[in-house]
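Trainee: Could we go through this one together, piece by piece?
Mentor: Gladly; here it is.
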Amino acid sequence: MDATQQKIDQLVKGNDVILFMKGTRVFPQCGFSATVVQLLDELLPSYETVNVLADADMRQGIKTYSDWPTIPQLYVKGEFIGGCDIVKQLYATGELQKQLGVTVEEVKAPTIRVSAAAAEVLKQAAAQEGADTLRFEVGPQFQYGLGFGQEQPGDLVVEAAGLRFVFDRGSAKRSDGLSLDYDAAKGGFNIDNPNAPPGVRQISTDELAARLAAGGVHLYDVRTPEERAEGYIPGSKLMTAAVRDEVMALPKDTPLYFSCRSGGRSQQAAEGFIRAGFREVYNVAGGILAWKGEVAR
Amino acid sequence: MSSPFKTVGASVEDAVRDAIVAAIPGASAEVRGSGGHFAIKVVSEAFDGKSLLQKQRLVYRAIAPFMDGPNAPVHAVDTLETLTP
């Protein structure tokens, strides 16, 4: 066994629950890793993660160690559980909770409201497909999926507007009180879900300038130090690992503002802090490119 | 190690399907995808009585060469269905 394999073996055997993933628990850098983190976060107060993007040997080594070609990979009590797909299915059936030694929370079938227009569209589609069961998915990040599918073990069944819906456990928990409507003009469904957390809010550079002038704004620049050296919004602070720890220690109702060059990376960062539990998080729309005020250097 | 694609003139989808069918006894497979992301459905009697992990492992072992390295043609398997006939 080479050094990397030995290191992995020690990590796997030395930690009750360890996830090999892309990114970190707070900032997953891949959708599959983010999904597993979200499920584990819901079930466990703490667990170990290894960021394979930070270590090329580890990234290859874990694939060899598990004889499994994809990341993330979850180990519980030294045993390989699987990747994202398997973890999701084990969670849905309650098997994951059992393996983690946490009580399987009882989930009730959600109450949902389906508008007449939505029901009509779905009934037509069902007739065309020859299907009678709709799978309604509400992902951990409140991503929605609606399609035809079979009932799976652990599913909760809901009859609404003459239609039969099935929900996996996680989706069911995130769906109670949800309304589904169809917007004929837009040609798409509208979902109103009272369980969805507040999203990232967009703020214009003009509004940001006014708030900065008023003071007390926590504004973080998530660009690289090299980009920042070329000029930054006065009052912003460069996001570093140390600053990130400071921010995480702030009360969760602290308004946070994020900016970058054009608003893309800062949106990602802002979403990360929403996932970390912050409730008032702003993305500076357009970033420094849209900033009309003075630029500090 | 030779690349699995030099030997086949077919698409990645076909090559992945062939690799699965060759590795799993009696399997039939559907492979759809683009941009490195794939959806795979495999039906085989070999899955009978196996756990989800064991079933997926059979498929992943078959396609591992396509997922190896930074320029691998298969970047991710978005959905993997393993069914018995």
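Predicted model: local features only at pLDDT ≥ 70, side-chain atom pairs only at ≥ 80, totals over all residues.

Mentor: Residues are numbered from 1 along each chain as its sequence is written, chains are lettered from A and ligands numbered from 1 in the order in which they are written, and side-chain values use heavy atoms, leaving out hydrogens and water.

Trainee: In what order do the elements of chain B run from the N terminus on?
Mentor: Chain B has two helices and three strands; these are DSSP runs, with helices (H or I) of at least four residues and strands (E) of at least two, numbered from the N terminus. From the N terminus on, the order is α-β-β-α-β.

Trainee: Which residues of H1(B) and H2(B) make the contact?
Mentor: Helix H1 (residues 12-23) of chain B packs against helix H2 (residues 52-63) of chain B at about 120 degrees, with axes 8 Å apart. Contact means heavy atoms within 4.5 Å. The residues are B:Val16, B:Ala19, B:Ile20 and B:Ala23 of H1(B), with B:Val59, B:Ala62 and B:Ile63 of H2(B).

Trainee: Is A:Asp155 buried or exposed?
Mentor: A:Asp155 sits in the loop between strand E7 (144-148) and strand E8 (156-160) of chain A. Buried means under 20% relative accessible area, exposed over 50%, and partly exposed in between (1.4 Å probe, protein chains only). With a relative accessible area of 13%, A:Asp155 is therefore buried.

Conventions: Axes fitted to C-alpha atoms, helices over the stretch in contact; angles between N-to-C directions.
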